[in-house]
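Good morning, and thank you for coming. I would like to take you through one protein structure, helix by helix.

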Amino acid sequence: TLGIQRLRKTLQLSPKYKPAFDLLLKTFLSQKANNEARELIMEGIEKFGHRPELFRELCKLDSTDGYLPQAVKNCTESISLSRDYPDHYVYLMQTYHDQKEDKKAEKVAVQAAKKFPNSEFVQWASGRLFLERKNYPVASRYFKAAIRAKADSGRAQFGLAQALFEQGDHENALEPFSKACKWDMSTVDAFFAAAGKLKQSGNTALGAKFQQAANLWRP
């Protein structure tokens with residue numbers, strides 16, 4: 001608190017002293033003080049102009065906090081300022097999805113995934129979008145691309161397992177389910193649930209395999 005007070009005092013004395021501004025913004029972001037960070041970014045845009053790094057943070061804050069019309073505006077501006085930065089495409093995609101504008105969300109997802117084949121974040125987010133849209137084959141393709149970009153991505157492995165399972169490819173869903181548990185223990189409950197569904201459907205042999213594998217990751 002004292003540090004924040006001193007940084008604010010510094011900016012009162014020297015409004016365009018960028019190191020103090022940057023440190024104060026970093027502090028707010030690390031503390032998840034999103035409203036304070038958003039206000040400071042707006043001040044920064046007035047003082048320093050339309051800097052790409054400021055709009056990147058503003059885009060992320062608006063999208064994750066649910067300020068949807070603002071997020072569309074600021075993420076679009078952010079993309080125009082730095083087209084080769086992948087993350088703000090994801091936040092724009094998510095914003096459109098939250099606004100129930102799924103065609104626009106899908107368009108951004110397809111464009112971003114093509115533009116950033118090595119971004120695990122972009123590929124995973126595109127997979128999540130199509131998974132929620134119940135387009136499981138397309139979701140699987142994006143999750144596989146996310147895994148190629150980052151082999152130890154637990155969330156991509158989990159998404160792939162879900163997509164394969166939902167499209168009926170239960171046998172091939174076993175391995176990514178297990179890998180997802182390796183990197184993210186919170187997915188083990190879904191693994192057990194999948195085992196239960198298989199047993200209820202009469203596929204007891206595969207259900208037993210799922211349960212046995214899931215037991216390896218039981219807390």
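This is a predicted model: local features need pLDDT of at least 70, side-chain atom pairs count only at pLDDT 80 or more; totals for chains, interfaces and linings use all residues.

At what angle do the axes of helix H3 (residues 34-48) and helix H4 (residues 52-65) cross, and within what distance do they come? They cross at roughly 145° and come within 10 Å. Axes here are lines fitted to C-alpha atoms, for helices over the stretch in contact, and angles run from 0 to 180 degrees between N-to-C directions. Helices (H or I, at least four residues) and strands (E, at least two) are DSSP runs, numbered from the N terminus.

Residues are numbered from 1 along each chain as its sequence is written, and side-chain values use heavy atoms, with hydrogens and water left out.

The pLDDT, the predictor's confidence in each residue from 0 to 100, averages 94 over the protein chain, and 100% of the residues score at least 70. Confidence is lowest in helix H1 (residues 2-13), with a mean of 88, and highest in helix H9 (residues 136-149), at 98.

Turning to the overall form, the protein chain has 13 helices and zero strands. Its radius of gyration (taken over C-alpha atoms) is 21 Å, well over the 17 Å that the globule rule (2.2 Å times the number of residues to the power 0.38) gives for 219 residues, so the chain is more spread out than a compact globule. The C-alpha atoms fill a box of roughly 70 × 40 × 25 Å along the principal axes.

Let us return to H3 and H4. Their crossing is left-handed, meaning that the near helix is turned anticlockwise from the far one by less than a right angle (clockwise would be right-handed). Their contact (heavy atoms within 4.5 Å) includes Ile41 and Ile45 of H3 and Leu58 and Leu61 of H4.

The next pair is helix H6 (residues 87-98) and helix H7 (residues 102-115), whose axes come within 7 Å and cross at roughly 160°. H6 and H7 are therefore roughly antiparallel (over 145 degrees; under 35 is roughly parallel, 65 to 115 roughly perpendicular, and the rest oblique). This crossing is also left-handed, and among the residues in contact are Tyr89 and Leu92 of H6 and Val108 of H7.

Finally, helix H8 (residues 120-132) and helix H10 (residues 154-166) pack at about 25°, with axes 10 Å apart. That makes H8 roughly parallel to H10. The crossing of H8 and H10 is left-handed. In H8, Trp124 and Leu131 are among the residues that meet H10, where Ala156 and Gln162 take part.
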